[in-house]
Amino acid sequence: MALVIASQAAAQEIVSARYDGPTTRYPHAVLGDDVEYDTLVVRLSDGREISARWAQDIVFEDLVPRVVDVNGDGAPEVVTIESHETQGARLAVWGLVDGALSQVAATPHIGTRFRWLAPVAVADLDGDGKVELAYVDRPHLAKVLRVWRYDPTVQGRLTQVAALDGLTNHRIGWDYIAGGLRDCGQGPEMVLADANWTEIVAVTFDGASLSRRPLGTYSPDALERALGC
């Protein structure tokens, strides 16, 4: 694989991000077409843009990058979905390192070409001050919710801390990811569908394990209403 850093900037923060460099070299079409992206572009607080490009092997198989503070320092990072031509998808965190846009952490690739993951949440799910990153591993096949904790003091920075079977948030061809995160006054809850798309489910993380409870019969409108409490 080859990563090209297009430019550098120092003493700035990321304020927005987008994908560029459309490519058809990874024709999975899980999001509705064969076009993915090879470049991540971020805009900095002074208005400049910097970018990083995968020249081969990897694409951003994603809808939009997520700009969120992952390491807790008050400055945002960027969370992306990246897919390798033979190893499938992984979740990755990008940030500014010595002024350059660099990947700072990533989960392992799923391990097989044309296997994808769908993010659910990037937040402190258990109130311990550390951010968790949650996604559904293979939402069309395995349907496993996985939660990873980001800790800059740990080698690799991302450690899987929980998993729960029987959940999903995406159907093949959708150009969106269903559900997400809500807080109705009792802490963060992830809102998804069950594996058969019959029920809406709320999932909480207590720092050690995941717990689910039903919210009602699934429909797209009901899922959107559930996100709004």
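Where is cysteine 184 found? Select cysteine 184 and you land in the loop between β15 and β16. Helices (H or I, at least four residues) and strands (E, at least two) are DSSP runs here, numbered from the N terminus.

Before we go on, a word about what is on your screen. This is a predicted model, in which local features need pLDDT of at least 70 and side-chain atom pairs count only at pLDDT 80 or more, while totals for chains, interfaces and linings use all residues. Residues are numbered from 1 along each chain as its sequence is written, and side-chain values use heavy atoms, with hydrogens and water left out.

**Stop 1: the disulfide**

A disulfide joins the two, with an S to S distance of 1.9 Å; the term is used for a pair of cysteine sulfur atoms within 2.5 Å. The structure holds one disulfide. Cysteine 184 sits in the loop between β15 (180–183) and β16 (188–194), and cysteine 229 in the segment after α1 (220–227), so the bond ties together parts that are 45 residues apart in sequence. Look along the S-S bond: the angle about it is -95°, and the link is left-handed.

Now show the surface. Cysteine 184 is partly exposed, at 38% relative accessible area, whereas cysteine 229 counts as exposed at 55%. Buried means under 20% relative accessible area, exposed over 50%, and partly exposed in between (1.4 Å probe, protein chains only).

**Stop 2: arginine 182**

Step back to arginine 182, in strand β15. Buried or exposed? Arginine 182 counts as buried, at 9% relative accessibility. A polar atom of the arginine 182 side chain lies 2.7 Å from the backbone oxygen of alanine 226. That is a polar contact: a pair of N or O atoms within 3.5 Å, where within protein one must be able to donate a hydrogen and the other to accept it, and residues adjacent in sequence count only if both atoms are side-chain atoms.

Not counting residues up to four places away in sequence, arginine 182 touches several residues, including Glu189, Arg213, Leu227 and Cys229. Contact here means heavy atoms within 4.5 Å.

**Stop 3**

Next, select threonine 168 in strand β14 (residues 167–168). Threonine 168 is buried, with a relative accessible area of 0%. Its side chain reaches the backbone oxygen of proline 139 at 2.7 Å. Leaving aside neighbours within four places in sequence, threonine 168 is in contact with Val136, Pro139, Lys143, Leu192, Ala193, Asp194, Ala195 and Trp197.

Glycine 166 is found in the loop between β13 (158–165) and β14. Glycine 166 is partly exposed, at 22% relative accessible area. Which residues does glycine 166 touch, not counting residues up to four places away in sequence? They are Lys143, Ala193, Asp194, Ala195 and Arg212. Draw a line between the C-alpha atoms of glycine 166 and alanine 195: they are separated by 4.8 Å, though 29 residues apart along the chain.

**Stop 4: asparagine 196**

Asparagine 196 is in the loop between β16 and β17 (199–205), and is exposed at 60% relative accessible area. Its C-alpha atom is separated by 9.6 Å from that of tyrosine 218, 22 residues apart along the chain.

**Stop 5: two positive phi values**

Select aspartate 57, in the loop between β4 (49–56) and β5 (58–60). Its phi is near 70°, a positive value in a residue other than glycine. Aspartate 57 counts as buried at 17% relative accessibility.

Then pick arginine 138, in the loop between β11 (132–137) and β12 (144–150). Phi of arginine 138 is near 50°, again positive in a residue other than glycine. Arginine 138 counts as partly exposed, at 25%.

**Stop 6: the largest pocket**

To finish, select Asn71, Asp73, Glu77, Gly95 and Leu96, which lie nearest the centre of the largest pocket among its 14 lining residues. On a 1 Å grid over the protein atoms alone, a pocket is an open set of points where a 1.4 Å probe fits, with protein on both sides within 12 Å along at least five of seven lines; lining residues have an atom within 4 Å of a point. Strand β8 (residues 88–97) gives the most to this lining, with three residues.
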